[in-house]
Amino acid sequence: MSTRLAHLLVEQFGAVRRITINNPRKKNAINLQTYGDLADQLNEADGDPGVNVVVLTGAGDFYSSGNDISAVLSSNQSMEEKLETSHKTLRRMVTAFYSFSKLLIGVLNGPAIGISATTAVLCDVLYMEEKAYLYTPFTGLGLVAEGCSSYTFPKLMGRSKASEMLLLNHRMSSEEALRFNVVSEVYRGREEFEKILWPRILQYGKLPIGSIQASKELMRKFEISELQAANEREIEALSRRWQTEEAIEAVMNFATRKSKM
């Protein structure tokens, strides 16, 4: 099975479904349609008895450069309409990540920025290419943490490193990500992925899915409510920040710099 959506490629390998963010021209930036498509694909896979494992990765050299800000700025909607539409879709996508009941594996084939970094951390297992990095420049854009990172980052990394990431726009290397228990393993290049990591992932698809789901439920029994609360708090804070002159100016400056690159 192979399905192409606007910016997603969906492939089936036995009981393993691979979803590839496929917008290499924009370094796999995610627009509003892709937010919705990704939520739909995760929810559909969760209910499909032929799927035991979902793998998320990116096409080309990037996992994803995060939110496609140019698409947000070019919309003809009013700011209130933009916020209502985008945050409703953001809520649905993030919820699809943390409520996924089967095995969700992230393969960071390149840099993961912003919302793509924070949602990747919601995966059950995360692998990372050695040259990749995690970057969450929310305060640099005058915004706030999203993708439940206000909860997950301190829990995983400790308060100081999480603050460096979410407040000071620190770029986390693959070596740091491994050291701070953000990823399970670092791999070296496409060849190592194809020869070592991908065959192992295909074997994971043969594990008893009922056992996986029951074990995952036990591990996260007291966490889902925390993730849901974090998601709601972050979206409310984002809505307020997007309406400040500070955030609008920072985002416009960022978009101008990016257009000149």
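**View 1. One cavity inside the predicted model.** The structure holds one cavity of 30 Å³ or more, and this is a predicted model, so keep that in mind for every view here. The volume of this largest cavity comes out at about 40 Å³. Its lining is made up of Ile21, Ile30, Leu38, Tyr63, Met93, Phe97, Ile115, Ser116 and Thr119. Two elements give two or more residues each to that lining: helix 3 (79–98) and helix 4 (115–120). Helix 4 has the largest share, with three residues. Sorted by class, the lining counts seven nonpolar and two polar residues, and no charged ones.

**View 2. The second largest pocket.** Moving on to open space, the second largest pocket has a volume of about 550 Å³. There are 22 lining residues, and the ones closest to the pocket centre are Val121, Cys123, Asp124, Arg220 and Glu223. Strand 7 (125–129), helix 5 (149–157) and helix 9 (209–219) are the elements that give two or more residues to this lining. And how does the lining split by class? It has 13 nonpolar, four polar and five charged residues.

**View 3. Aromatic pairs around Trp198.** Searching the whole structure turns up three aromatic pairs. One of them joins Phe13 and Trp198 in an edge-to-face arrangement, with 5.2 Å centre to centre and 85 degrees between the planes. This pair ties together distant parts of the chain: Phe13 belongs to strand 2 (residues 8–13) and Trp198 to helix 8 (residues 189–204), 185 residues apart. Is each partner buried or partly exposed? Phe13 is partly exposed, at 29% relative accessible area, while Trp198 counts as buried at 7%. Trp198 also pairs with Phe193, and that pair is tilted, with 6.0 Å between centres and 35 degrees between the planes. Phe193 and Trp198 are both buried. Taken together, ring pairs link Phe13, Tyr187, Phe193 and Trp198 into a cluster.

**View 4. Two arginines sitting over rings.** Trp198 shows up again here: the charged end of Arg18 sits over its ring, 4.7 Å from the ring centre. Elsewhere, Arg171 does likewise with Tyr133, its charged end sitting over the ring at 4.3 Å from the centre.

View 5. Start with strand 2 itself: five of its six residues are buried, so the strand is largely enclosed by the rest of the structure. Strand 1 (residues 2–4) pairs with strand 2 in the antiparallel sense over three bridges. Across that pairing, Arg4 stands opposite Leu9 in strand 2. The two strands form a hairpin, with three residues between strand 1 and strand 2. Strand 2 is also joined to strand 3 (residues 16–21), again antiparallel, by six bridges. In this pairing Val10 stands opposite Ile19 in strand 3. Strand 2 and strand 3 form a hairpin as well, with two residues between them, and Gly14 in the turn has a positive phi of about 65 degrees.

View 6. Which order do the strands take? It is 6-8-9, and the pairing is mixed. Strand 6 (112–113) and strand 9 (171–173) are the edge strands, each pairing on one side only. Between strand 8 (residues 133–135) and strand 9 there are three bridges, and the two strands run antiparallel. Look for Leu134 there: it stands opposite Met172 in strand 9.

View 7. Cys148 is not a glycine, yet its phi is positive, at about 70 degrees. You'll find Cys148 in the loop between strand 8 and helix 5. Cys148 is buried, with 0% relative accessible area. Asn181, also not a glycine, has a positive phi of about 65 degrees. Asn181 lies in the loop between helix 7 (174–179) and strand 10 (185–187). Asn181 is exposed, with a relative accessible area of 57%.

Terms used. Residues are numbered from 1 along each chain as its sequence is written. This is a predicted model: local features need pLDDT of at least 70, side-chain atom pairs count only at pLDDT 80 or more; totals for chains, interfaces and linings use all residues. Side-chain values use heavy atoms; hydrogens and water are left out. Rings of Phe, Tyr and Trp (its six-membered ring) pair if their centres lie within 6.5 Å; planes under 30 degrees apart count as stacked, over 60 as edge-to-face and the rest as tilted. Helices (H or I, at least four residues) and strands (E, at least two) are DSSP runs, numbered from the N terminus. Buried means under 20% relative accessible area, exposed over 50%, partly exposed in between (1.4 Å probe, protein chains only). A charge sits over a ring if NZ of Lys or CZ of Arg is within 6 Å of the ring centre and within 35 degrees of the ring normal. On a 1 Å grid over the protein atoms alone, a cavity is a set of points where a 1.4 Å probe fits but cannot get out, and a pocket is an open set with protein on both sides within 12 Å along at least five of seven lines; lining residues have an atom within 4 Å of a point. Grid points are joined across faces, edges and corners, and a volume is the space filled by probe spheres set on the points. Ala, Val, Leu, Ile, Met, Phe, Trp, Tyr, Cys and Pro count as nonpolar, Asp, Glu, Lys and Arg as charged, and the others, Gly among them, as polar. Two strands pair if DSSP finds at least two bridges between them.
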